[in-house]
Amino acid sequence: MNMKEEFVVAPRAILGSAVQSPMVKAFLAGSFSGTCSTVLFQPLDLLKTKIQTQQGGQTGMIRMTQSILTAEKIGGLWKGLAPSIVRTVPGVGIYFSAMHAMKTNFCDGKPSSMASVVIGASSRCIAGSIMIPATVIKVRCESGMFQYGGIGEAFKKIYGKEGIKGLTSGILPTLFRDAPFSGLYLMLYQNLKTGSAWMAPITGDSSLHFLCGISAGCLASIITHPADVIKTKMQLSSTKTTIWSTSVGIYQGSGMGGFMTGLAPRMLRRSLMASLAWTVYEKAMKNIGIK
């Protein structure tokens, strides 16, 4: 083999070795599942943001849907899809690959309930911190309060006017929401899946994984929703604000019920999205030889 052939073969060998890595496979499986769930459930995320954007948050899901359809037709329900994909697809891939690495290296693939909480929360903190600029852009595009020509223009305008703080606004409530959600979700999902394993011959693996995912998602969404409301309010503010001042503003404007604004579309979206993502992820991992 001459030197020219070696230069051609070497990158192929490196690429082939990288693709065979369990972490890369977990990333690809997670990204694929994230793409499917993001496209399907974007309207629910949009509705949640719109409802939380209102002063007092009095409009329900059905009325808000009718309002969007009247003003913007069916395409309006998928507003903000591009930044959602930019945020979710690599974010879910990072989450699943980090989770797979921790489960494999620290727990031999069988984490306890407490280990599941720690692994889920840690994986989400890693993914959430990396993707926070895309989260800010997504929320602002969905709200309709900001006019951006695209993701690139949004990034430039936010950075130019608000700097790094603008692109990372709401990171603490985002992590306070996502880390407990992912930790609780992983623990509940693993326990529900183990406890209902006897149903697998009746329902089939995929259906069982989906049902476990929905149940875990609903419970985790209710517990972590107040942090989601605070995060949305902070990311829609173009001025510097804090968790405390935002929380006080929500309470003064809507009382304790304000912290549950938009729960229905978020719970529906998160439970369906997480259950679909985990079902597709488990199936993909099984098909590519990891499970």
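Where is the place of K240?

Reply: K240 sits in the loop that runs between helix α10 (205-236) and helix α11 (243-254). Helices here are DSSP runs of H or I with at least four residues, numbered from the N terminus. The model is a predicted one, in which local features need pLDDT of at least 70 and side-chain atom pairs count only at pLDDT 80 or more, while totals for chains, interfaces and linings use all residues. Residues are numbered from 1 along each chain as its sequence is written, and side-chain values use heavy atoms, with hydrogens and water left out.

K240 is exposed, with a relative accessible area of 74%. (Exposed means over 50% relative accessible area, buried under 20%, and partly exposed in between, for a 1.4 Å probe and protein chains only.) From C-alpha to C-alpha, K240 is 46 Å away from S207, although 33 residues separate the two in sequence.

T239 belongs to the loop between α10 and α11 as well, and its relative accessible area of 55% makes T239 exposed.

I74 is placed between α3 (61-72) and α4, and I74 is exposed at a relative accessible area of 56%. Helix α4 comprises residues 81-107 and packs with helix α2 (residues 22-53) at an angle of about 145°, the two axes lying 7 Å apart. Such axes are lines fitted to C-alpha atoms over the stretch in contact, and the angles, from 0 to 180 degrees, are taken between N-to-C directions.

The structure contains 11 salt bridges, each being a side-chain nitrogen of Lys or Arg within 4 Å of a carboxyl oxygen of Asp or Glu. One of them joins E162 to R140, with 2.8 Å between the closest N and O atoms. E162 is in helix α7 (residues 151-167) and R140 in helix α6 (residues 132-143), so this pair ties together parts that are 22 residues apart in sequence. R140 counts as buried, at 0% relative accessibility.

E153 counts as partly exposed at 34% relative accessibility, and K157 counts as partly exposed at 43%.

A further salt bridge brings together the side chains of R270 and D178, at 3.8 Å from N to O. Since R270 is part of helix α12 (residues 263-287) and D178 part of helix α8 (residues 171-195), the pair ties together parts that are 92 residues apart in sequence. R270 and D178 are both buried. Through salt bridges that share partners, these two residues also belong to one network with D45, K48, K138, R177, D228, R266 and R269.

To return to the residue of the request, K240 is an exposed residue in the loop between α10 and α11, whereas R270 and D178 form their salt bridge as buried residues.

Terms used: Helices (H or I, at least four residues) and strands (E, at least two) are DSSP runs, numbered from the N terminus.
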